[in-house]
Amino acid sequence: MLIKVNSHLREITPFQLADLNIGSGKPIISLAQNESAIGPSPKAIEAGQQALLEGHLYPDVNWKKLCEAIADVHNLESDKVLCGCGSMELICAISSAYLGPGDNAVSTEFGYLLFRMSTRLQRADVNMVREVDLTVDVDSIVSAVNERTKVVFIANPGNPTGTCINSEEVIRLRDSLPENVLLVLDEAYGEFVDIGREPLFHLVERNNTVVIRTFSKAYALAGLRVGWGVFPDAIASEVRKVVNPGTVTGPAIAMATAAIRDQQHMHTVLDCTFSERRRFTSAIRALGLVVYDSHTNFVLIQFPSDIAAASADEALHRESVVMRAMTGTPLGNCLRATIAEPAHMELAGKVLADWASEYDLNN
């Protein structure tokens, strides 16, 4: 008789990335995983190459140089910064440290699926509340909090919607929550909205808020898997017990350190993304399709129906262009398109234009 898995795992769907095995026979153009259109900083590449020479050594489990670089750029205290194997590890570590049977977490209906998964892994319940116009709604979150709520997770900007609430609304959320409820702000796309807004790291000083970011998006280091967060001291000491030592490799630490110190390259990534996002959005809207305003490196395209979205997806696949289908979700009539290099976006736009010319968008 085979050993039985823990019963709660049977109810959890494994985390899945986009399926890039479409069998078209042509080189795949992935617009499905929100990777950067531009490669890493040359300074980061050089730092990584140097770090490979020390591949026989274990990495710094305290990420000292990286935490100092993050603190310098964002005017933070370096001892409040924790790093992990992507922001995913930090989110799971928070759930592991603070959630258990009988507890619940609150997030939003289109929030990052890892919030739900990491909560259920701890045998806690999760309440996914409604959004308004695909945007986080503070009042809905506050109304869902009860005496069993330990953590509130929000992604801002959101994925897959690309929408964002302003800093004032986030502060209002924090003010409206009980002090003993931990607010976790996942700002994986935070750099895309940093210009012209009040930063939110100061909320950590209240001792009940965590702000998490990543090097995967604006810093173009998705393959290195480096996430970081700003934690209150008491929470950092507990989460640190759950984060596996050494999951951030030496080359990853070196590249992330060099990348965050090269702010000029990061802003080049942002500028190129913003420019191509505007162009692509205008082109797709001109076809009569809905494209939601985005604050990220992707856009969400809405089709007249789930069937229309599937038809457009098939047309894209024939040309080896892969967007992220929202099949099986309330956004089944949408495709999410990463903003990639101009040539790839031009091809995607042409495929959708050809498709739209033959498909009855009013049907």
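Where is the place of proline 160? Proline 160 sits in the loop between S5 and H6. The points below take that loop and then move to the helices and the spaces between atoms. Please keep in mind that this is a predicted model.

1. **The loop between S5 and H6.** Strand S5 covers 149–155, and helix H6 covers 167–176. Proline 157 is found in the loop that joins them. The peptide bond leading from asparagine 156 to proline 157 is cis. Its omega is near 0°. Proline 160 has its place in this loop too. The bond from asparagine 159 to proline 160 is also cis, but here omega is near 25°. Most peptide bonds are trans. Both bonds therefore deserve a look on the model, because most peptide bonds are trans.

2. **A positive phi at asparagine 75.** Most residues other than glycine have a negative phi. Asparagine 75 has a phi near 55°, which is positive, and it is not a glycine. Where does asparagine 75 lie? Look in the loop between H2 and strand S2, the strand at 81–84.

3. **H2 against H8.** Helix H2 runs over residues 64–74, and helix H8 over residues 250–261. They pack at an angle of about 15°. Their axes are 9 Å apart. Angles under 35 degrees count as roughly parallel, so H2 is roughly parallel to H8. The crossing of H2 past H8 is left-handed. On the H2 side, the contact is made by Lys65, Leu66, Glu68, Ala69, Ile70, Asp72, Val73 and His74. On the H8 side, they meet Ile253, Ala256, Thr257, Ile260 and Arg261. By class, this contact has 7 nonpolar, 2 polar and 4 charged residues.

4. **H1 against H8.** H8 also packs with H1, at an angle of about 155°. The two axes are 8 Å apart. Which way do H1 and H8 run, parallel or antiparallel? Angles over 145 degrees count as roughly antiparallel, and H1 and H8 are therefore roughly antiparallel to each other. Their crossing is right-handed. H1 brings Lys43, Ala44, Ile45, Ala47, Gly48, Ala51 and Leu52 to the contact. H8 brings Gly250, Pro251, Ala254, Met255, Ala258 and Ala259. The classes here are 10 nonpolar, 2 polar and 1 charged.

5. **The second largest pocket.** This pocket holds about 370 Å³ of space. It is lined by 14 residues. Closest to its centre are Ala51, Glu54, Asp60, Gly250 and Ile253. Ala51 and Gly250 also take part in the contact of H1 with H8. Ile253 is one of the H8 residues that meet H2. Which helix gives the most to the lining of this pocket? H8 does, with 5 residues. Helix H1, at 42–52, and H8 each supply at least two lining residues. The lining divides into 7 nonpolar, 4 polar and 3 charged residues.

6. **The cavity.** Rolling a probe the size of a water molecule over the atoms shows where empty space is left. How many cavities of 30 Å³ or more does the structure hold? It holds 1. The largest cavity has a volume of about 70 Å³. Its lining is made of 15 residues. Nearest its centre lie Glu131, Val136, Ala155, Gly158 and Thr161. By class, the lining has 6 nonpolar, 8 polar and 1 charged residues.

7. **H9 against H11.** Helix H9 spans residues 263–285, and helix H11 spans residues 342–358. Their packing angle is about 10°, and their axes are 10 Å apart. That makes H9 roughly parallel to H11. Glu276, Arg279, Phe280 and Ile284 of H9 form one side of the contact. Pro342, Met345, Glu346, Ala348, Gly349 and Leu352 of H11 form the other. The contact has 6 nonpolar, 1 polar and 3 charged residues.

Technical notes:
Residues numbered from 1 in each chain as written. Predicted model: local features only at pLDDT ≥ 70, side-chain atom pairs only at ≥ 80, totals over all residues. Heavy atoms only, no water. Axes fitted to C-alpha atoms, helices over the stretch in contact; angles between N-to-C directions. Helix = DSSP H or I, 4+ residues; strand = E, 2+ residues; numbered from the N terminus. Parallel < 35°, antiparallel > 145°, perpendicular 65-115°, else oblique. Left-handed = near helix turned anticlockwise from the far one by under 90°. Contact = heavy atoms within 4.5 Å. Nonpolar A, V, L, I, M, F, W, Y, C, P; charged D, E, K, R; others polar. 1 Å grid on protein atoms, 1.4 Å probe; cavity = no way out; pocket = protein on both sides within 12 Å on 5 of 7 lines; lining within 4 Å. Points joined across faces, edges and corners; volume = space filled by probe spheres on them.
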